[in-house]
Amino acid sequence: MSDVPPSFEYVPGDPDSPVILHVPHSAREIPAAVRSGIVLDDAGLERELDHITDAHTASIADAAARAAGVTPWRFVNRLSRLVVDPERFPDEREEMLAVGMGAVYTRTTHKEVLRPDGFDADPLIERYFHPYAQAMTEAVEDRLAATGRAVIIDVHSYPSAPLPYELHADGPRPKICLGTDPFHTPPSLLTAARKAFARCGETALNTPFAGTYVPLKFYGKRAEVSALMVEIRRDTYMPEPAGPAAPGLQTLASALATLTDAVTH
């Protein structure tokens, strides 16, 4: 028997929904075979998971899906981003390589050693990264075939205070950061997001994190694939760095459901 659980889950929604809620960083699970390549002791690893995990974002997406008038589809990473980060480029295009946080992290949020120098990332890329990317590509193709379009809404969170690894930590840290792409984020999607999240506090664009996730097959090529990243400041719904969900979670889930319905019709 393998100790490796399914690395992702594609949760069906309404056949007529073009929306995929993508949750890449909510899990803490690390298979034993992957844990053996990480140099941190157990306490150090737990501390790192506290900082790097977008805690409760899967719950936000789940509650939003249940509250939406037309149920969106959900693509949820069930393994920690310390296994692989499915939203990084797996090659030299990735700017986070500068701080040891490409598709396979070698440094922690505090720039400490996570994996030893010379670590061979290729087996993790083959086992986890490529199958995830392929499945997400197929999910988008499925929505395109069914509805003629796909709307990817990335659900993330971030700490109220910058962590040492952040490359762009000097800008505002609003309660809601909306990450956009010049090709894949149409004005109508951005307007709907601002309106939906107005109840949650101030919003800002691309600060402290920018961009969206679109499978490379469609990136810059298919305008029918639209995308928005929703980055939620963690103190709006939980005690930091890794406390239980607070009542703010339901407000955020309601706002995400409102956004989902707005872009579905």
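**View 1. Aspartate 54 and its polar partners.** The side chain of aspartate 54 reaches the side chain of histidine 156 in a polar contact of 3.3 Å. Keep in mind that this is a predicted model. A polar contact also links the aspartate 54 side chain to that of arginine 234, here at 2.9 Å. Setting aside residues up to four places away in sequence, aspartate 54 touches His25, Ser26, Arg81, His156, Ser157, Arg234 and Tyr237.

View 2. Next comes helix H3, which covers residues 57-67. Its buried residues are Thr57, Ala58, Ile60, Ala61, Ala63, Ala64 and Ala65.

View 3. Leucine 79 sits in the loop between E3 and helix H4 (122-147). Is leucine 79 buried or exposed? At 2% relative accessibility, leucine 79 counts as buried. Now find serine 7: it is 72 residues away from leucine 79 along the chain, yet the two C-alpha atoms are separated by 5.5 Å.

View 4. Look for threonine 185 between strand E5 (176-179) and H5, in the loop. Its relative accessible area is 12%, so threonine 185 is buried, the cut-off being under 20%. Which backbone atoms lie by the polar atoms of the threonine 185 side chain? One is the backbone nitrogen of aspartate 181, 2.8 Å from a polar atom of that side chain. Another is the backbone oxygen of alanine 227, at 2.7 Å from a polar atom of the threonine 185 side chain. Once neighbours within four places in sequence are left aside, threonine 185 is in contact with Thr180, Thr212, Ala227 and Leu228.

**View 5. Helices H5 and H6, packed together.** H5 takes in residues 187-197 and H6 residues 248-264; the two pack at an angle of about 150°, with 8 Å between their axes. Angles over 145 degrees count as roughly antiparallel, and H5 and H6 are therefore roughly antiparallel to each other. The crossing of H5 past H6 is right-handed. On the H5 side, the contact is made by Leu189, Ala192, Ala193, Ala196 and Phe197. H6 brings Leu252, Ala255, Leu256, Thr258, Leu259, Ala262 and Val263. Sort the residues of this contact by type and you get eleven nonpolar, one polar and no charged. A handy thing to remember while looking: an α-helix has 3.6 residues a turn, so residues three or four places apart point the same way.

**View 6. Alanine 192, a residue of H5.** This view picks out alanine 192, which lies in helix H5. With 15% relative accessibility, alanine 192 counts as buried. Leaving out neighbours within four places in sequence, the residues in contact with alanine 192 are Leu259, Ala262 and Val263. And how far from alanine 139 is it, C-alpha to C-alpha? Alanine 192 and alanine 139 are 53 residues apart along the chain, and their C-alpha atoms are separated by 23 Å.

Definitions and conventions. Residues numbered from 1 in each chain as written. Predicted model: local features only at pLDDT ≥ 70, side-chain atom pairs only at ≥ 80, totals over all residues. Heavy atoms only, no water. Axes fitted to C-alpha atoms, helices over the stretch in contact; angles between N-to-C directions. Helix = DSSP H or I, 4+ residues; strand = E, 2+ residues; numbered from the N terminus. Parallel < 35°, antiparallel > 145°, perpendicular 65-115°, else oblique. Left-handed = near helix turned anticlockwise from the far one by under 90°. Contact = heavy atoms within 4.5 Å. Nonpolar A, V, L, I, M, F, W, Y, C, P; charged D, E, K, R; others polar. Buried < 20%, exposed > 50% of the residue type's maximum accessible area, 1.4 Å probe, protein only. Polar contact = N/O pair within 3.5 Å; in protein donor to acceptor, adjacent residues only side chain to side chain.
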